[in-house]
Amino acid sequence: MATQGNQIRESMIAGADLSAAQFTFVKMNTTDSTVVAAGDAEAAFGVLINTPTSGAAATVVTHGRVSITAGTGGLTAGDLVGVDADGAGVTAATSDIVAGICVDAAAAGGLATIDFFRGGNAAA
């Protein structure tokens, strides 16, 4: 069961239509201070917890325990979590940036709970 805990949240501006990206990883846009979907193996700025359209307010969890959509293969408690091409959480591969650790498991497409690490770390 996905849960949430203590969090630090920031309000940002959606730099793209993120209305279908709730509970996925986002990153800072390189041209301005908006957030866009994070891609494969990237360091995430946070986890989007609302459904903003382009230019609307995006609520982003930048630190703490948060729900995330599990990508291909799902997530198991204790997994180091990386980002897939759709911004979902996957078990981190050796070359991935670790964005968190899974606390509550989920099958692919479900909601897992992770402790999110802003900025991430290189996987061991």
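**Note on an all-strand predicted model**

1. F25 and F116 are both buried (buried is under 20% relative accessible area, exposed over 50%, partly exposed in between, with a 1.4 Å probe and protein chains only). This is a predicted model: local features need pLDDT of at least 70, side-chain atom pairs count only at pLDDT 80 or more, and totals for chains, interfaces and linings use all residues. Numbering starts from 1 along each chain as its sequence is written, and side-chain values use heavy atoms, without hydrogens or water.

2. The structure holds one aromatic pair. The ring centres of F25 and F116 lie 6.0 Å apart with planes at 35 degrees, so the pair is tilted. Rings of Phe, Tyr and Trp (its six-membered ring) pair if their centres lie within 6.5 Å; planes under 30 degrees apart are stacked, over 60 edge-to-face, the rest tilted. The pair links distant parts of the chain, 91 residues apart: F25 sits in strand β2 (residues 25-28), F116 in strand β9 (residues 111-122).

3. The protein chain has zero helices and nine strands. Both are DSSP runs numbered from the N terminus: helices are H or I, at least four residues; strands are E, at least two. The radius of gyration is 13 Å, close to the 14 Å of the globule rule for 124 residues, so the chain is as compact as a globular protein of that length. That radius is taken over C-alpha atoms; the rule is 2.2 Å times the number of residues to the power 0.38. Of the 124 residues, 44% count as buried.

4. The largest nonpolar core has 19 residues; F25, V66, I68, L75, I114 and F116 touch the most other members. Such a core is a set of buried Ala, Val, Leu, Ile, Met, Phe, Trp, Tyr and Cys residues joined through side-chain atoms within 4.5 Å. Strands β5, β6 (80-83), β8 (97-104) and β9 each supply at least two of its residues. A second, separate core of ten residues includes M12, A21, L48 and A58.

5. Beyond neighbours within four places in sequence, I114 is in contact (heavy atoms within 4.5 Å) with residues including F25, V66, I68, V81 and I101.

6. T62 lies in strand β5 (residues 57-69). At 0% relative accessibility, T62 counts as buried. Its side chain makes a polar contact of 3.2 Å with that of H63. A polar contact is a pair of N or O atoms within 3.5 Å; within protein, one must be able to donate a hydrogen and the other to accept it, and residues adjacent in sequence count only if both atoms are side-chain atoms. Not counting residues up to four places away, T62 touches I8, E10, F45, G46, F116 and R118.
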